[in-house]
Amino acid sequence: MIRAYHVTKRYGDVHALRDVTVKLGKGEFCYVTGPSGAGKTTMLKMLYGAVQPTEGKLLVGGVDVSRLSKRRLPYLRRNIGIVFQDFKLIPTRTLAENVGLALEVLGTSRDVIDRRVNAVLGIVGLRGRGHEYPPTLSGGEQQRVAVARAIVNDPSILLADEPTGNLDGAMAIEVMEILQAINLRGTTVMVATHDTGLMNRFPFRKLRFEAGRLVES
Amino acid sequence: MSPRLKHVFRRAFRSLWENAYLNSVSAGVIAATTLLFGVYLAVQFNLNKMVDTWDRDIHISAYFHPDVPENRRFDVRDEIATRSEVTKVRYVSSEAANEWMQVRMPAMEDILKELGSDTLPSSLEISLTASAARPTAIDAFARTLSVTDFSDVDYGQEWIEKFQGFMAMLKLLGAIMGSLILVAATFLVMNTVHLVVYNRKEELEIQKLVGATEGYVMAPFLVEGLIQGLIGSLLALGGLAAVHRLLVARLKDAFELAVTADLQFLPSSYIALLFAAGSILGVVAALLAVQRFLSKVT
């Protein structure tokens, strides 16, 4: 599902990633871990096309991201769900509208959107709360909404950048359980985190980065 | 309507409502610009119309030499009347000219009487077809009149040329001023739309992250721009109608000139042009603003 061949990313003279080669199969769950500044976020950003590799080749779902034009980028992203540490929810839109956004851009009809939104809100434990607004929710609930948005169009890959970074222990576990459940449905999940406790509780493959180099896979 | 289009319109109307103040400012700037454009169009339209009317009214006065015998004068009149460019020829005798002068200038009545009825030369008043009354054509026609029969030919050529020069200058000034105003208005509207875009920055970034194309992100703003343009044009049209009414009333009161009665409002083709200008201004400004924003979003 994800293949990186000698991928390097430089910002001027600074190396964010150096010569990374890694493969990730369909339906796999893995952590991208390492200390701050190790290149975790850069790796994820590359996977959803926010930055392009300086050298090397990166294939995501068969698409060569290293050569992807700006015009083709949206079509790659429709196959990837993304979850951020800061949730990235629109505070002035209801939960249903936030989640439905990913379907709206695909041109899905209102009926189908409503059905799918209700279903995924159920998956993340927020059934019947679609009319509420993000600021009225706890951090854990907001992150669950973000996860619902990420999976509403049934992507084959789910990327989560420090999804539990802003959450306390219980809430973090809740979110991880949801991500695990999504993975069990066949979605490839990649979670960037440096929370060792969480990685021990949910043991999966680890891609460990240090100073931009992949030191453990 | 396709679901995608429905989403676009829903977003556009929602944003118009949620950013009512900024959108009103945009529509106001478009209204002011379109109003100026409308004033320019109205002035040009009325001046053109006036020139057309004058062109139709233009006739040549050809004054006979005093020694041309009367029967020759009639022959010349009949010969000229047969020409294709001529619509009417009227012979004005010396006596008739004298009488006309006395009626028009009563103060000179005594002097004219004293000078005698044959003081003023007899003449032909020649009316031409519309195409022959155009400045270059009328000049060419005047040259064909025999110098042996006529002592002087008058058709106000100097005045026509001056007026044409004025019209050309007005068009040039209008084009220069119009371009400057258009650039300034585009810039103003673009910056206002940019504020709306920044108000929705987060939402647009998320749209891009979940796979929205640039076209999808842009479309609601273009719809907003179009609506702002149409509202602005409508306001401008209302303003123009009010100015027109006021101007006609004032000019009538002040001068009682016949010309003010002919001061016409814009015809439908010009009104369509006004709406097109306002809409294009709104859409182009929105396009530039969103493109500027999207160029910075990954």
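Visitor: Which residue in S3(B) is the bridge partner of Val92(B)?
Guide: Ser123(B). Keep in mind that this is a predicted model.

Visitor: How many bridges join S2(B) to S3(B), and which way do the strands run?
Guide: There are 6 bridges between S2(B) and strand S3, residues 123-128, of chain B. The two run antiparallel.

Visitor: What is the strand order of that sheet in chain B?
Guide: S2-S3-S1-S4, an open sheet of 4 strands with antiparallel pairing.

Visitor: Which strands stand at the edges?
Guide: Strand S2 (86-92) and strand S4 (150-154) of chain B. Each has a single partner strand, so one side of each lacks a neighbour in the sheet. From one strand to the next, the twist averages 20°.

Visitor: Which strands does helix H3 of chain B lie across?
Guide: H3, residues 70-81, lies across strand S1 (59-64), S2 and S3 of chain B. Its direction is at about 165° to S2(B).

Visitor: Zooming out. What does the domain assignment of chain B give?
Guide: Domain 1 is 3-54 + 161-294, and domain 2 is 59-155. Their C-alpha centres lie 51 Å apart.

Visitor: Now helix H11 of chain B. What should its 27 residues span?
Guide: At 1.5 Å a residue, residues 268-294 should span 39 Å. The end C-alpha atoms are 38 Å apart, which agrees.

Visitor: Which residues of H11(B) are buried?
Guide: Among them are Leu274(B), Leu281(B), Val290(B) and Phe293(B).

Visitor: Switching to the interface. How many residues of chain B are in contact with chain A?
Guide: 15 residues of chain B, against 15 residues of chain A.

Visitor: Which elements of chain B give two or more residues to that side?
Guide: Helix H1 (3-18) and helix H8 (201-209). H8(B) gives the most, with 5 residues.

Visitor: And by class, what is on that side of chain B?
Guide: 6 nonpolar, 6 polar and 3 charged residues.

Visitor: Over to chain A. What is the order in its sheet of 6 strands?
Guide: S6-S7-S8-S3-S9-S10, open, with mixed pairing. The edge strands are S6 (80-84) and S10 (213-216) of chain A, and each pairs on one side only.

Visitor: How do S3 and S8 of chain A run, parallel or antiparallel?
Guide: Parallel, with 4 bridges joining residues 29-33 to residues 188-192. Tyr31(A) stands opposite Val191(A) in S8(A).

Visitor: Where is Lys26(A)?
Guide: In the loop between strand S2 (14-24) and S3 of chain A.

Visitor: Is Lys26(A) buried or exposed?
Guide: Exposed, because 12 other C-beta atoms lie within 10 Å and the cut-off for exposed is 12 or fewer.

Visitor: What does Lys26(A) touch?
Guide: Met1(A) and Thr188(A), leaving out residues up to four places away in sequence. Its C-alpha atom is separated by 15 Å from that of Val191(A), 165 residues apart along the chain.

Visitor: Last topic, backbone angles. What is phi of His6(A)?
Guide: Positive, about 50°, although His6(A) is not a glycine. His6(A) sits in strand S1, residues 2-11, of chain A. It counts as partly exposed, with 13 C-beta neighbours inside 10 Å.

Visitor: And what about phi of Lys88(A)?
Guide: Near 50°, also a positive value in a residue other than glycine. Lys88(A) lies in the loop between S6 and helix H3 (95-104) of chain A. With 18 other C-beta atoms within 10 Å, Lys88(A) is partly exposed.

Technical notes
Residues are numbered from 1 along each chain as its sequence is written. Chains are lettered from A and ligands numbered from 1 in the order in which they are written. This is a predicted model: local features need pLDDT of at least 70, side-chain atom pairs count only at pLDDT 80 or more; totals for chains, interfaces and linings use all residues. The expected span of a helix is 1.5 Å times one less than its number of residues. A residue is buried if 20 or more other C-beta atoms lie within 10 Å of its own, exposed if 12 or fewer, and partly exposed in between; C-beta atoms are placed from the backbone. Two residues are in contact if their C-beta atoms, placed from the backbone, lie within 7 Å. Ala, Val, Leu, Ile, Met, Phe, Trp, Tyr, Cys and Pro count as nonpolar, Asp, Glu, Lys and Arg as charged, and the others, Gly among them, as polar. Two strands pair if DSSP finds at least two bridges between them. Domain bounds come from an automatic or database domain assignment. Axes are lines fitted to C-alpha atoms, for helices over the stretch in contact, and angles run from 0 to 180 degrees between N-to-C directions.
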